[in-house]
Amino acid sequence: MSDAVSSAAGDAKPPVQALNRPMITLAIMLATIMQTLDSTIANVALPHMQGSLSASQDQITWVLTSYIVAAAIATPLSGWLCDRYSVRNVFLTSILGFTVASALCGMSTSLTAIVAARLLQGVFGAALVPLSQAVLLDINPREKQGSAMAIWGMGVMVGPILGPTLGGWLTDSYNWRWVFFINLPIGAIAFYGVLTYIRNVPGARKIRFDMFGFGTLSLAIGALQLLLDRGSQNDWFGSTETWVEAIVFGFSFAYFIAHTAFSPAGRSFFNYRLLKNRNYFSGLMFIFIVGAVLYATRALTPPMLQNLMDYPVATTGLVTAPSGVGTMIAMLIAGRLVGKVDVRLMLLSGFSIAAFSLWQMSRYTLVLGVPDIVWPGLIQGVGLGLIFVPLSAATFATLAPEMRAEGTAIFSLVRNIGSSIGISLVQTLLVRNTQISHSSIVNLINNANPALQDAAVRSAFNLDLNSGAAVLNNEITRQASMIAYVDDFWLMLILTLAVIPLLLLMSSPGKGKKMEVDHAAME
């Protein structure tokens, strides 16, 4: 996809001396940071949104999943839109739409309103990261493109790193609405910069877009996400709505597969021949799990700290930020090792380190100090950083150059789908396992339990008074919730370990052989 965008932008380049590269770079990187910031900035504010919008614990995660799903669906449109309407026009529309949607998020007074606004954010923001990469490649000569991609990569990582800390500070100092309002000045500056400094090159209108394939896949993804998000609330398949969503998903996905299988080469939204490449197929499996584990962990930790351990929102942002720092440091190291060390060994190291951090999280209790949160998060960040770069390199190492544009778009799509499914799955299990654990613990509260005969316990939880029973029930709920969080961390640990054997399916070019890392695949 990035190749398609780049070619659309590069058909008629202005003279080099007419370009104001610093201002163009500043404008597009502001847009990139604004988009990537919103992937994590809302996480620490979720408990505050939950109370303000009168949403349940599983409902409030729609604020995250709606954004991810909308971005996943809209990302493959970027290349075709630029080819048809020009890079500059698509960039301006994306920045304006994202900024307006951010304002709507901040003004939302109901869960329905904020989810709708987040959907708009995802749709308009989907093109910002791949477009920023394409523009940087277009305005820089070949000898400076490496430095340009380093700047781009840093910008992509700054958002997720700053997100928790900035979100925590804004929520604590003002309120959760400023998590979205912060995008307004950034968006205004980015819009002005793109409008002023990027020349408008008419679209070439050479790319044919498979609307039927895109439509059926989008419908399938949307139906699946609704099923996962609302299934627990609707008692799963005891509800007509769940059956409708399952049927829509099944038929849409079946039509998509049939359409893809029988369409001539080059005329389908998804080229099924990509799956014949062993490295690429394995890479999709890996990135699906990485997306699920990465975003699910970031969605679980802030509510756990704030709701169960009374961490202030600003502190929550600070203690979860090191995960992003670890990812950035590890990516810089991995970038230097790619081509020198077998990528399969690097991937094994990355998954092992990530699994170790999840094992540490699976040992969490209701009594946690700051180091107990910071170190597992930092270690997980290092593991994920060691996965991203070599995984991108290995996935595309044996793929034909003419298939990379499609391959990158699908790679990004699968990662986003994994993220949304992962968040929905762990939240559903969290609610379910909390109820099960609560019921199990309540069964132990009877006169035969020797702990209840202790004078200190009876003083703290006087079961002869309604207030004492309420206090005891609150404590049972806390204990049950902690058990459910630990169960989720165990699930992510198992998924991380289960995917490691797929390394046997991958091949490596070997040491010393140059491998190109497709940066768009890592966004």
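This is a predicted model: local features need pLDDT of at least 70, side-chain atom pairs count only at pLDDT 80 or more; totals for chains, interfaces and linings use all residues.
Reader: How many aromatic pairs does the structure hold?

Author: The structure holds nine aromatic pairs.

Reader: Why is the pair of W178 and F181 called edge-to-face?

Author: The ring centres of W178 and F181 are 5.5 Å apart, and their planes stand at 80°. Rings pair if their centres lie within 6.5 Å, and planes over 60 degrees apart count as edge-to-face. The pair of W178 and F181 is therefore edge-to-face.

Reader: What separates W178 and F181 in helix α10?

Author: About one helical turn separates them, because W178 and F181 are three residues apart in helix α10 (residues 178-181).

Reader: What makes F181 count as buried?

Author: Buried means under 20% relative accessible area. F181 has 19% relative accessibility, so F181 counts as buried. W178, with a relative accessible area of 38%, is partly exposed.

Reader: Why is the pair of Y364 and F489 called edge-to-face?

Author: The planes of Y364 and F489 are at 85° and their ring centres are 5.7 Å apart. The cut-offs are over 60 degrees for the planes and within 6.5 Å for the centres, so the pair is edge-to-face. This pair links distant parts of the chain, 125 residues apart: Y364 lies in the loop between α17 (343-361) and α18 (370-397), and F489 in helix α21 (residues 466-499).

Reader: How do you know whether Y364 and F489 are buried or exposed?

Author: The limit for buried is under 20%. Y364 has 8% relative accessibility and so counts as buried; F489, at 0%, counts as buried.

Reader: Which residues form one aromatic cluster with W178 and F181?

Author: W169 and Y174 form one aromatic cluster with W178 and F181.

Methods
Residues are numbered from 1 along each chain as its sequence is written. Side-chain values use heavy atoms; hydrogens and water are left out. Rings of Phe, Tyr and Trp (its six-membered ring) pair if their centres lie within 6.5 Å; planes under 30 degrees apart count as stacked, over 60 as edge-to-face and the rest as tilted. Helices (H or I, at least four residues) and strands (E, at least two) are DSSP runs, numbered from the N terminus. Buried means under 20% relative accessible area, exposed over 50%, partly exposed in between (1.4 Å probe, protein chains only).
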